[in-house]
Amino acid sequence: LTLATSERAVDPVLWVSATNDETVVKINTRNCEIVDEYPTFGSHPSRTAVSLDGSLWVGNRGFRDADDVGTGNAVHLDPQGNLICRANVTGLGSAAVRAVTLDQNGDAWLGSWDKRLIYRVSGWEVEPGNAVDGMPTCRILQEVPLASAPYGAAVDSRGFLWTSGISGDVTKIDTRDGTVVAVVPRDGYIQEGENRRALNPSWYGMAIDMRDNVWYGVWGSQEGLVARIDGKTHEVEYFSTERAGQTRGMAVDFEGNIWAAGWGGRAIFKFSPDGELMHTIDVGDSIVGVAIDADGQVFGVSGNRAYRYATSPPYQELCRTEGLPSLYTYSDMTGMQLLNITVRNGRWTVPVDGGHPDVKWDSLEWNGEIPEGATIEARVRTAPSQEELDRAAWSQRMFGVPALVPDPNVVTGFTPYNRWIEIEASLSYQNEEVRPILTDLTVNWQRP
């Protein structure tokens, strides 16, 4: 078992914040139908980030009172919209969380606007016995000071986190240890014929391409621009949409092309990785955010509509969702930035019948090749019947060989004593030149 470049392992859903309703809306990306709407346990949600397991992180800006963890915070929801935990990341007055992204280890990075801090929060740990207001508390692992207030964040394939610089410079962080490795000003240029013109406008939404270059929508200019930071040299260059008005959200498709949300231009723009404007989709609506779905098509989110378009000629509209509440999201609302850029990942699952209700599942062992820049991990869940596996609690992730099945006293809801076990192996890579290979996997068990 190995990974093909084209393998995609995310659900066909879009998670977009209904900011005034203090909810998040789940939309089926294949038919544009609303699946459901869920509370975000805070006020004025905006940024969303979808994890590899289908769970969701939502940042609440907390405009009512950013100091209050009941309004300014971030929450981790399961794929059905149930609260897993709340990260008590607040602001100082005007806004709390305005940056939400996920790293290669599955941890969330949550940026506090007023405090100019970004917090690394465990992707699966909950503080034991530390509920606030009756809500489980997500475990904060680290906090990192930033050069300016974070308006967005994304992680490249090398593990570097980049912030958005709407009000100042960009901070580049090594997610392995939280070290700030660079501060990048927005000063750059646009090429106009044989001349270069200097620019330094505010930036907005962001995405990272397959070359680990960082792209930004440009808010502080009416010229219709997008910006790009070279991921290695940190040179900043601007490119024109050839249409007046601000740009906001950004996304990268399966071919490595870049998509920009045209707010002022009422369109969606497609750029090549080299900055060439390839196509303009006239939506006729001001677009806040864009995202690539599980099938490689592009979504544009406006004030109360979501539009789905083909990413290749003739770029036809595929479907749309109308009658939505006031929407405001321009982050990784499908999980494809994480999967396609940050962690190139695929999952394989298999259910195993132990044949008896009193089977004790002991450990997993696997063999294969894991070159540098690639990973193989596993997790398990058990249930009395195969039908009940979908509702069972997963164990923590396991990296060792062999890996012991976790202590049920540590992993809430997990038990090693059940007839059925489901094993999930996850393969990922950050380097296009390497692939992990899983040759075999063995689950060890016993009966009393």
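**View 1. Strand β19, covered on both faces.** Strand β19, residues 214-218, is mostly covered, with five of its five residues buried. Buried here means under 20% relative accessible area, while exposed means over 50% and partly exposed lies in between, using a 1.4 Å probe and protein chains only. Strands such as this one are DSSP runs of E with at least two residues, helices are runs of H or I with at least four, and both are numbered from the N terminus. This is a predicted model, in which local features need pLDDT of at least 70 and side-chain atom pairs count only at pLDDT 80 or more, while totals for chains, interfaces and linings use all residues. Residues are numbered from 1 along each chain as its sequence is written, and side-chain values use heavy atoms, leaving out hydrogens and water. In a regular strand the side chains alternate between the two faces of the sheet. On one side of β19 you will find Val 214, Tyr 216 and Val 218, and on the other Trp 215 and Gly 217, all of them buried.

**View 2. The partners of β19.** Two strands pair if DSSP finds at least two bridges between them. Strand β18 (residues 203-208) runs antiparallel to β19 and is joined to it by four bridges; to spot one, look for Ala 207, whose bridge partner in β19 is Trp 215. Strand β20 (residues 225-229) is also antiparallel to β19, again with four bridges. Here Val 214 has Ile 229 of β20 as its bridge partner. The hairpin of β19 and β20 has six residues between the strands, and Gly 224 in the turn shows a positive phi of about 75 degrees.

**View 3. Asp 212 in its loop.** Asp 212 sits in the loop between β18 and β19. The hairpin of these two strands has five residues between them, and Asp 212 takes a positive phi near 65 degrees. With a relative accessible area of 6%, Asp 212 is buried. Its side chain makes a polar contact with the side chain of Ser 157 at 2.7 Å, and another with the side chain of Arg 158 at 3.5 Å. A polar contact is a pair of N or O atoms within 3.5 Å; within protein, one must be able to donate a hydrogen and the other to accept it, and residues adjacent in sequence count only if both atoms are side-chain atoms. Setting aside neighbours within four places in sequence, Asp 212 is in contact with Asp 156, Ser 157, Arg 158 and Gly 231, where contact means heavy atoms within 4.5 Å.

**View 4. The largest nonpolar core.** This core has 30 residues, and Trp 162, Trp 203, Tyr 216, Ile 229 and Tyr 238 touch the most other members. Several elements give two or more residues to the core, including β13, β18, β19, β20 and β21 (236-240). A nonpolar core is a set of buried Ala, Val, Leu, Ile, Met, Phe, Trp, Tyr and Cys residues joined through side-chain atoms within 4.5 Å. Not counting residues up to four places away in sequence, Tyr 238 touches a list of residues that includes Tyr 189, Trp 203, Val 218 and Leu 225. Apart from this core lies another, of 19 residues, among them Ala 96, Val 97, Val 100 and Cys 138.

**View 5. An open sheet of four strands.** The order is β26-β27-β28-β29, with antiparallel pairing. At the edges are β26 (289-292) and β29 (317-321), each pairing on one side only. Between β27 (residues 298-301) and β28 (residues 306-309) there are four bridges, in the antiparallel sense, and Phe 299 stands opposite Arg 308 in β28.

**View 6. Two disulfides.** The structure holds two disulfides, each counted as a pair of cysteine sulfur atoms within 2.5 Å. Cys 32 and Cys 319 form one, with their sulfur atoms 2.0 Å apart. This pair links distant parts of the chain, since Cys 32 lies in the loop between β2 (23-28) and β3 (34-39) and Cys 319 in strand β29, 287 residues apart. Both Cys 32 and Cys 319 are buried. Cys 85 and Cys 138 form a disulfide too, their sulfur atoms 2.0 Å apart. Its S-S torsion is about 100 degrees, so the disulfide is right-handed. Cys 85 lies in strand β7 (residues 83-87) and Cys 138 in strand β11 (residues 138-145), so the pair ties together parts 53 residues apart in sequence.
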